[in-house]
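Here is a report on the pockets of one protein model. Look at the sequence and structure first.

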Amino acid sequence: MTDTGDMNSGLTGAPLWFPYPSSKPARLLPPLALAYIGDAIFEVAVRQYVISRPNLRPHHLHVQSTKFVSAKAQATLLSLIEPELTEAELDVVRQGRNAKSGSVPKNANVIDYRHATAFEALIGYLYYGGEQDRMIYLITYGLDLMLSGPKT
């Protein structure tokens, strides 16, 4: 059985959700690897959000979730939180945005897809860096801004 006492493999901050630390420190992981885990973590955040709402029918949950996990929605979310980001976080975003994945889903344009990848890389970076409080803050802050709509 794995000891879960130090799940960050020498890193400080909040422990990982499961006892499987990354093979390298967060700052040394490739942007697409960070985006891979960031995508899954953001999906959990969105699912938890939609389950917090009153309508729990499976189809409704799916429809509501897709409003937040699309490339366009993630690109929008990134643009909303960008003014809050530190220089280190902005650097991760730049690296994620410039990472070449080799393909673009048919439902997304290239710019939205790259910005979505950058957002997911940021979430993965914060998660593996033990900065889960910061990660939760940025996700909830961005979702709150998205849900409140444009200020007029």
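Which helices each supply at least two residues of the lining of the largest pocket?

## Basis

This is a predicted model, where local features need pLDDT of at least 70, side-chain atom pairs count only at pLDDT 80 or more, and totals for chains, interfaces and linings use all residues. Residues are numbered from 1 along each chain as its sequence is written, and side-chain values use heavy atoms, without hydrogens and water.

## Largest pocket

Helix 1 (31-51), helix 3 (71-81) and helix 5 (110-128) each supply at least two lining residues. Helices are DSSP runs (H or I, at least four residues), numbered from the N terminus. Helix 5 gives the largest share, 4 residues.

The pocket holds about 230 Å³ of space. A pocket here is an open set of points on a 1 Å grid over the protein atoms alone, where a 1.4 Å probe fits, with protein on both sides within 12 Å along at least five of seven lines; lining residues have an atom within 4 Å of a point. Volume is the space filled by probe spheres set on the points, which are joined across faces, edges and corners.

The lining has 15 residues; Val 69, Ser 70, Ala 71, Pro 105 and Tyr 113 lie nearest the centre. By class, 8 are nonpolar, 5 polar and 2 charged. Ala, Val, Leu, Ile, Met, Phe, Trp, Tyr, Cys and Pro count as nonpolar, Asp, Glu, Lys and Arg as charged, and the others, Gly among them, as polar.

## Second largest pocket

The second largest pocket has a volume of about 200 Å³. Its lining has 13 residues, and Ala 45, Gln 48, Ile 136, Ile 139 and Thr 140 are the closest to its centre.

Helix 1 and helix 6 (132-148) each supply at least two residues of this lining. Helix 6 gives the largest share, 7 residues. The classes are 10 nonpolar, 2 polar and 1 charged.
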